[in-house]
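User: I want to learn how to read a ligand site. Can you take me through one, step by step?

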Amino acid sequence: MNTDNYMELIFPATSQNEAFARVCAAAFAARLDCTMEDISDIKTAVSEAVTNAVVHAYTHQKGKVILRGEISKNTVTFEIQDFGKGIEDIQQAMQPFYSTGNSEERSGMGFTVMQSFMDRVVVRSQPGHGTTVRLEKTIPVNSMEAAANVALS
Amino acid sequence: MQKTTVRALCVELEGELDHHNAETIRRQLDRAIMRCRNGLILDFSHVTLMDSSGIGLLIGRYKKLKEKGMPLYVKNVNSHVDKIFRMSGLYNIIEKLL
Ligand SMILES: Nc1ncnc2c1ncn2[C@@H]1O[C@H](COP(=O)(O)OP(=O)(O)O)[C@@H](O)[C@H]1O
Ligand SMILES: [Mg+2]
């Protein structure tokens, strides 16, 4: 069975690191009974949160992003933290199609994508200090394998 | 179901449609939009990932084409991309070809 696991990555908020972060997150989650769909969901949700740190958090200075991962039983949790400008009104920011970015480029659907691809999304933010997005997903245990494990034990 | 035939310029997209790649893809699609006369078909066969930056990109291309009175179509959308399309309502403005 799964033993608990954790990881932490620190990287600069650059667009090249969006792919790097989501690939690391997928590799971290892969020890669970993930389907291809679960992996796509995780990659996309982590990519959204990291992209937001790159696009919205740091407008005037260069900054860093921390990606933390944790596995407990069959639940994987990621935290994406930045130290940028923060979000004044989190509820408003999470509305579908709400965006403060250049409308030609941003769709305002980032949080909506995170929410529909993960089981739980929690956003904490302090204006002037930064934002932390927590993404949680429980991966159903493969029932055949679980039954075999019970039979063996 | 009947297979639809449309006369339009077909562009094959490749790789990951994220924020990092959006700028390059946008420039290439806008060049294609300048050339096309009957609308644009985007072939998603080789798209492995799409996030909300891709949604913004497609809405932008749809608007550009609409100004010229031309439609935007997509084809060969995989299940991951399909989820993004359904969630965002993109199918209301972009027709999926079979
Ligand atoms: N890390 C962040 N730091 C500051 N603002 C953020 C952050 N993440 C999201 N936001 C705010 O929330 C809004 C909505 O985010 P999102 O749903 O991802 O849409 P988009 O990125 O397309 O604007 C953003 O336009 C921005 O104002
Ligand atoms: Mg976003």
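Analyst: Start with location. In this predicted model, ligand 1 sits in the largest pocket. That pocket holds about 490 Å³ of space. Of the 26 residues that line the pocket, those closest to its centre are His56(A), Ile87(A), Ala93(A), Thr100(A) and Phe111(A).

User: Which element gives the most to the lining of the largest pocket?

Analyst: H2(A), with five residues. Strand S3 (75-82), helix H3 (90-93), H4 and strand S5 (130-138) of chain A are also among the elements that each supply at least two. By class, the lining has ten nonpolar, eleven polar and five charged residues.

User: Now the ligand itself. How many residues surround ligand 1?

Analyst: Count residues with a heavy atom within 4 Å. Here there are 18, and the closest are His56(A), Asp82(A), Ser99(A), Thr100(A) and Gly108(A). This shell splits into six nonpolar, ten polar and two charged residues. H2(A) again leads, giving three residues to the shell.

User: How much of the accessible area of ligand 1 does the protein cover?

Analyst: Compare the ligand alone with the ligand in place. On its own, ligand 1 has 540 Å² of accessible area, and the protein covers 96% of that.

Definitions and conventions:
Residues numbered from 1 in each chain as written. Chains lettered and ligands numbered in written order. Predicted model: local features only at pLDDT ≥ 70, side-chain atom pairs only at ≥ 80, totals over all residues. Heavy atoms only, no water. Areas by Shrake-Rupley, 256 points an atom, 1.4 Å probe, with all protein chains shown as cover. 1 Å grid on protein atoms, 1.4 Å probe; cavity = no way out; pocket = protein on both sides within 12 Å on 5 of 7 lines; lining within 4 Å. Sits in = over half its atoms within 2 Å of the grid points. Helix = DSSP H or I, 4+ residues; strand = E, 2+ residues; numbered from the N terminus. Nonpolar A, V, L, I, M, F, W, Y, C, P; charged D, E, K, R; others polar. Points joined across faces, edges and corners; volume = space filled by probe spheres on them.
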